[in-house]
Amino acid sequence: MLIKALKSDHPFVRSGAVYALGELKAEEAVEPLIKILKNGDFKDKKIRHRAASALGKIKSEKAVEPLCRILNDKKSGVAALMAADALLGIKSEKAVKPLI
């Protein structure tokens, strides 16, 4: 149900689903959250920040590479800061160099 809510037209529904999936540390949500992280077409740009934060809570190695890409994207702004925080939470060796 929460993964389905990520596709809602309502920003509050999407945001709540992202938050809940992060709090639940739902490993099955990693791919859909990565998709949100990569997709800049959402009406609510803050959803990318929340997706990065949720991925950091889930702590999946699968999220390291996409988070590093956001980290290095000059247009990402706050999402890059959230990606850095998420990478610190995941504690992957692959994230050390991009973080420095």
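Helix α5 is largely enclosed by the rest of the structure, because six of its eight residues are buried. Here buried means under 20% relative accessible area, exposed means over 50%, and partly exposed covers what falls in between (1.4 Å probe, protein chains only). Helices (H or I, at least four residues) and strands (E, at least two) are DSSP runs, numbered from the N terminus. The model is a predicted one, where local features need pLDDT of at least 70 and side-chain atom pairs count only at pLDDT 80 or more, while totals for chains, interfaces and linings use all residues. Residues are numbered from 1 along each chain as its sequence is written, and side-chain values use heavy atoms, with hydrogens and water left out.

The buried residues of α5 are V64, P66, L67, C68, I70 and L71. Their cover includes α3 (30-38), α4 (46-58), α6 and α7 (96-99). One of these buried residues, C68, has a relative accessible area of 9%. Leaving aside residues up to four places away in sequence, C68 touches L87, K94, A95 and P98, where contact means heavy atoms within 4.5 Å. M1 sits 67 residues from C68 along the chain, and the C-alpha atoms of the two are separated by 29 Å.

Next comes the pairing of α5 with α6. Two packed helices are described by the angle between their axes and the distance between the axes. For α5 (residues 64-71) and α6 (residues 78-90), the axes come within 8 Å and cross at roughly 145 degrees. These axes are lines fitted to C-alpha atoms, for helices over the stretch in contact, and the angles run from 0 to 180 degrees between N-to-C directions. On the α5 side, the contact is made by V64, L67, C68, I70 and L71, and on the α6 side by A79, A80, A83, A84, A86, L87 and I90. Sorted by type, the residues of this contact come out as twelve nonpolar, no polar and no charged. For that sorting, Ala, Val, Leu, Ile, Met, Phe, Trp, Tyr, Cys and Pro count as nonpolar, Asp, Glu, Lys and Arg as charged, and the others, Gly among them, as polar.

Stepping back to the whole chain, there are seven helices and zero strands. With a radius of gyration of 12 Å, close to the 13 Å that the globule rule gives for 100 residues, the chain is as compact as a globular protein of that length. The radius is taken over C-alpha atoms, and the globule rule is 2.2 Å times the number of residues to the power 0.38. Along the principal axes, the C-alpha atoms fill a box of roughly 35 × 25 × 15 Å. Buried residues make up 45% of the 100 residues. Among contacts with a separation of 6 or more, 59% are between residues 24 or more positions apart.

A few individual residues round out the picture. E31, in helix α3, is partly exposed, with a relative accessible area of 48%. K62 is 31 residues from E31 along the chain, yet their C-alpha atoms are separated by 8.2 Å. Most residues other than glycine have a negative phi. K25, in the loop between α2 (11-24) and α3, has a positive phi near 55 degrees. K91 has a positive phi near 60 degrees and is found in the loop between α6 and α7. K91 is also exposed, with a relative accessible area of 70%.
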